[in-house]
Amino acid sequence: MPHQCTNCGHVFADGSKEMLSGCPDCGGNKFQYHPGDVDEAPADPPADADAEPPEPPEQEGSSVAGAVGRAANKVRDAVTSDPDPAARTTGDDAGATDAADASSADAETDPVAPETEASAFADEPDADSSSAPETGGEGDEPAEAIDANTATGDEDAAQADARSSVVDTDSLPDAPSEGRVVKEPDDPDDRPDIEALRQELNDQFESIRIVAPGQYELNLMELYDRQEYIIALQEDGQYVIEVPDAWETDDE
Amino acid sequence: MGLFAELRDSISRVSASLFADDSEPKRIGIYGPPNAGKTTLANRIARDWTGDAVGPESHIPHETRRARRKENVEIKRDGKTVNIDIVDTPGVTTKVDYSEFLEHDMEKDEAVRRSREATEGVAEAMHWLREDVDGVIYVLDSTEDPFTQVNTMLIGIIESRDLPVLILANKTDLEGANIQRVSNAFPQHETIPLSALEGENMDEVYEKIAEYFG
């Protein structure tokens with residue numbers, strides 16, 4: 001039962017496509033990933049928050065981005081480090097990653113695991129056709145998955161594919177006996193580079209963007225990083241700021 | 001230039017206190033998203049230990065649009081006395097839109113003004129976080145989803161500055177409060193449930209304040 005709605009705690013079976021269209025109970029669209037079994041009720045804290053004093057973060061200069069990254073990692077570690085990989089039903093490394101990615105509905109292609117890839121998106125209307133190009137069937141080299149589909153005759157290709165991904169569980173490699181089932185969060189292929197992401201955001205607008213009078217978008221990192229102190233906003237887009245030099249000369 | 005003069009004074013005080021010895025009270029910022037109950041908590045602490053309030057509370061988001069300070073709040077726990085300055089900050093958010101105030105029976109002009117002040121308030125809160133706080137009480141509404149960009153970013157900033165931080169899961173008196181969800185979101189920190197409005201579990205809060213910021 002790897003996914004759980006962060007809002008209402010609804011648990012989704014492994015590989016469930018339900019959550020692609022939001023939580024059926026509350027409409028929430030954020031899900032956390034549990035490699036092992038979880039109860040409907042929220043699980044125990046992944047890290048023992050009561051017994052363990054909050055450890056200060058490792059000192060790594062003053063890189064805020066690093067800390068944000070670390071915070072994200074910690075959260076991510078905590079929700080993915082439940083050491084019970086044997087409980088997983090599919091037990092496939094690629095399947096786990098795909099399932100985790102499925103919530104973002106990112107139509108990536110993964111030639112290594114065509115079955116699980118297709119199954120994750122089998123709800124989509126074009127899933128049956130998508131399995132063909134994804135499995136590398138660009139012309140004359142039909143992949144196994146396509147053979148399986150055509151062999152089932154009149155059964156809808158997406159259904160057959162989804163079904164086969166469940167039935168095929170036995171033939172999948174065994175679950176790893178130890179270690180994590182999903183990729184390490186720090187794997188550069190697995191997570192976006194937070195530094196680059198932040199830079200992109202910073203480039204989009206400065207500290208405060210006036211969308212319209214009374215409507216503002218704030219760039220919190222920029223507001224935090226800048227020396228100057230914005231003390232007043234004008235409707236015409238000007239700021240009144242206090243600069244640090246002025247403080248020092250006034251400060252006897 | 002009244003505002004500037006006032007500001008300079010307060011900056012001077014801040015700078016002076018930066019270079020003061022250890023006997024100066026620690027400045028503890030109360031941070032969190034809008035409407036988490038920061039002012040209610042600040043008032044609760046201030047009333048419990050000084051008899052005064054810090055500022056007005058309301059159900060309308062961004063009621064607090066300027067950081068407010070209550071100095072020399074003396075908290076006694078287990079024979080130990082902790083002296084802190086409480087800074088109640090405006091709720092931090094990435095978007096401020098006057099139209100959300102219109103639902104609260106506000107005229108458009110008033111809503112636009114409030115929205116501008118709220119934006120200035122967020123800028124101020126972020127600035128204080130950079131310069132002027134020695135520790136943070138991070139208040140979350142435990143009926144709301146804690147997995148937000150603002151929360152993750154602020155906690156990250158606080159961690160990068162190595163500030164001691166207490167996470168409070170507020171509004172436990174409300175149905176739908178989910179403390180577990182809050183502690184799941186920030187497992188690297190201790191989460192303390194409370195209702196600042198009802199005064200539930202304040203003993204533990206004071207105990208932890210003394211432990212973390214003493």
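Among contacts in chain A between residues at least 6 apart in sequence, what percentage join residues at least 24 apart? In this predicted model, the figure is 50%.

One open sheet in chain A is made of 3 strands in the order 2-1-3, with antiparallel pairing. Its edge strands are strand 2 (11–12) and strand 3 (31–33) of chain A, each of which pairs on one side only. Strand 1 (residues 3–5) of chain A is joined to strand 2 of chain A by 2 bridges, and the two run antiparallel. Within this pair, Gln4(A) has Val11(A) as its bridge partner in strand 2 of chain A.

Chain B holds an open sheet of 6 strands, in the order 2-3-1-5-6-7 and with mixed pairing. At its edges stand strand 2 and strand 7 (191–193) of chain B, each pairing on one side only. Ignoring direction, neighbouring strands of this sheet are turned by 30° against each other on average.

The sheet can be followed along its order. Strand 2 and strand 3 of chain B run antiparallel and are joined by 8 bridges. Arg69(B) has Val87(B) as its bridge partner in strand 3 of chain B. Next, strand 3 of chain B is joined to strand 1 of chain B by 5 bridges, and these two run parallel. Ile28(B) finds its bridge partner in strand 3 of chain B at Ile86(B). Strand 1 of chain B has 5 of its 6 residues buried, so it is largely enclosed by the rest of the structure.

Strand 1 of chain B also runs parallel to strand 5 of chain B, with 4 bridges between them. Beyond that, strand 5 and strand 6 of chain B pair in the parallel sense over 6 bridges, with Leu140(B) opposite Ala169(B) in strand 6 of chain B.

How many of the residues of strand 5 of chain B are buried? The count is 7 of its 7 residues. In a regular strand the side chains alternate between the two faces of the sheet. Both faces of strand 5 of chain B are covered, with Gly135(B), Ile137(B), Val139(B) and Asp141(B) buried on one side and Val136(B), Tyr138(B) and Leu140(B) buried on the other.

Helices of chain B pack against these strands. Helix 4 of chain B lies across strand 1, strand 2, strand 3 and strand 5 of chain B, and runs at about 145° to strand 1 of chain B. Helix 2 (residues 38–49) of chain B has 12 residues, which at 1.5 Å a residue should span 16 Å; its end C-alpha atoms are 17 Å apart, which agrees. Among the buried residues of helix 2 of chain B are Lys38(B), Thr39(B), Leu41(B) and Ile45(B). Their cover includes strand 1 (26–31), strand 2 (68–77), strand 3 (80–88), strand 5, strand 6 and helix 7 (202–213) of chain B. After helix 2 of chain B comes Gly51(B), whose phi is positive, near 90°.

The two chains come together in the largest nonpolar core, which has 38 residues. Those that touch the most other members are Leu220(A), Tyr31(B), Val92(B), Met126(B), Leu129(B), Val136(B) and Tyr138(B). Elements giving two or more residues to this core include strand 5 (215–218) and helix 8 (220–225) of chain A, along with helix 4 (108–131) and strand 5 (135–141) of chain B. Helix 4 of chain B gives the most, with 7 residues. Apart from this core lies another, of 27 residues, among them Ala46(B), Ile84(B), Val139(B) and Ala196(B).

Not counting residues up to four places away in sequence, Tyr138(B) touches residues including Tyr31(B), Pro33(B), Leu154(B), Ile158(B), Val165(B) and Ile167(B).

Definitions and conventions
Residues are numbered from 1 along each chain as its sequence is written. Chains are lettered from A and ligands numbered from 1 in the order in which they are written. This is a predicted model: local features need pLDDT of at least 70, side-chain atom pairs count only at pLDDT 80 or more; totals for chains, interfaces and linings use all residues. Side-chain values use heavy atoms; hydrogens and water are left out. A nonpolar core is a set of buried Ala, Val, Leu, Ile, Met, Phe, Trp, Tyr and Cys residues joined through side-chain atoms within 4.5 Å. Buried means under 20% relative accessible area, exposed over 50%, partly exposed in between (1.4 Å probe, protein chains only). Contact means heavy atoms within 4.5 Å. The expected span of a helix is 1.5 Å times one less than its number of residues. Two strands pair if DSSP finds at least two bridges between them. Axes are lines fitted to C-alpha atoms, for helices over the stretch in contact, and angles run from 0 to 180 degrees between N-to-C directions.
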